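Welcome! Here is a short tour for anyone meeting this structure for the first time. Take a moment to look it over, and then read on.

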Amino acid sequence: AEDGIRDIGVTGVQTCALPIFTLIHKFQTPEMLCDRSDVIVLTDEAHRSQYDTLALNMRAALPKAMFLAFTGTPLIAGEERTKGVFGDYVSIYDFQQSVEDGATVPLFYENRTPELQLVNPDLNDDIYDLIEGASLDEDQEEKLEKVLGRQYHLITRDDRLETVARDIVRHFLGRGFVGKAMVVSIDKATALKMYDKVRAHWDAETARVRAELALYAPPNREHEALRERLALLTTTDMAVIVSPAQNEIEDMRKKHGLDIEPHRRRMNESQPGLDEKFKDTTDPLRLVFVCAMWLTGFDAPSCSTVYLDKPMRNHTLMQTIARANRVFPGKHSGVIVDYANVFASLERALAIYGAGKGGTNPVKDKAQLVEALRQAMVATTAFCASHGVDLAAMEALPPGGMARLSAFENAINALIGPDTVRRDFLGHEK
């Protein structure tokens, strides 16, 4: 780079801009490289490695440089080290503004915490640090169990997991936009257990729907919803996505009675890779079970639902729920389903990072949608009644009968007028 600048100077060029791309780990020593004041350092991911020895070495190497930082991760309240190192904000593009711009879709929060729950869990920072470890080894997992004590065993209790697994199957199959989904568990063993339990309830629901459909021969239009449900049940693929560890097969078998070998084999041998399959909207891999992997730096735009069964906070929580806010055709929103009672942590994280101008919360309670739907139904019923259409009386008529079809036709005539040209499903004018 110095030779390049010298050569340019010889040709008589007075000013130039020479971009240099590097990684911070290149700055192993604090020796000065350039003391010019017209050097601008643009730092990406400024929340990660910009506060310790390597960052100090880089500043010693470029003592008069101007540093400009970019970060997409929320800052910890009371610490805000990024601001302390780089100065105040030049520009803020927050969670709410990205929704307003259409860069992301709105997120809705739904608390489905089961009866066996830890109400307002009093988890200290050390416990959170353990949980948030990208990959817990055997010793860390043992420490996690020891420190959490009763709280950990309550979260991972078998009957509680059974309740959560049953509800995940019910919720997944009842969604409007059938996007892909993630189940986030507290650790690897629990992720494997959740996979097995969801798989069992999934198979039981498949058998139930098959049996119900077999009662009706030949099938009729009234059971189209059941046939669609069966199609989703029989085509959906699931997978466990967890980081590898030494002796994990033996450890999982001895400590938890779980067989991780087929899951590890699939993670290693899948062609295309499981990450590509999950991102591919045409691939049947629609539900994955994770504890740390894929929660940061991984985007599958069609993913619309995150099932949270892991205590989380701050930037880790924000990055996790952002898995569901990517824009995708037909996806008008993402849903965060909370089984771990993280609402208080979510509110704190949003206050630090996500709140828009005026403190607007970018993650809405799903109950607001329900209330909006209720109001719309009341308004619609009143509108129909003002035109002499009794919706309740229509719904009381036998489904599929001529009386109901006739009532529907009369309602259409009353609402939009008999002279309006309409077309049926075949395109014929009516």
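How many disulfides does the count come to? The count comes to zero disulfides, taking a disulfide as a pair of cysteine sulfur atoms within 2.5 Å. Please keep in mind that this is a predicted model. The points below start with the whole protein and then turn to a few places in it.

**The protein as a whole**
- The protein has 430 residues, and 40% of them count as buried.
- Its secondary structure consists of 18 helices and nine strands.
- If you take the contacts between residues at least 6 apart in sequence, 75% of them join residues at least 24 apart.

**Strand β7 and its partners**
- Strand β7 covers residues 303–309, and seven of its seven residues are buried, so the strand is largely enclosed by the rest of the structure.
- On one side of the pairing list is strand β4, residues 180–185, which runs parallel to β7 and is joined to it by six bridges.
- Between β7 and β8 the chain passes through helix α14, residues 314–321, making a right-handed β-α-β crossover.

**A stop at A414**
- Which helix holds A414? A414 is found in helix α18, which spans residues 402–416.
- Is A414 buried, exposed or partly exposed? Its relative accessibility is 33%, which lies between the 20% and 50% cut-offs, so A414 counts as partly exposed.
- Setting aside neighbours within four places in sequence, A414 is in contact with H387 and V389.
- S386 lies 28 residues from A414 along the chain, and the C-alpha atoms of the two are separated by 10.0 Å.

How values were computed. Residues numbered from 1 in each chain as written. Predicted model: local features only at pLDDT ≥ 70, side-chain atom pairs only at ≥ 80, totals over all residues. Heavy atoms only, no water. Buried < 20%, exposed > 50% of the residue type's maximum accessible area, 1.4 Å probe, protein only. Helix = DSSP H or I, 4+ residues; strand = E, 2+ residues; numbered from the N terminus. Pairing = 2+ DSSP bridges. Right-handed = clockwise from strand over helix to strand, strands pointing away. Contact = heavy atoms within 4.5 Å.
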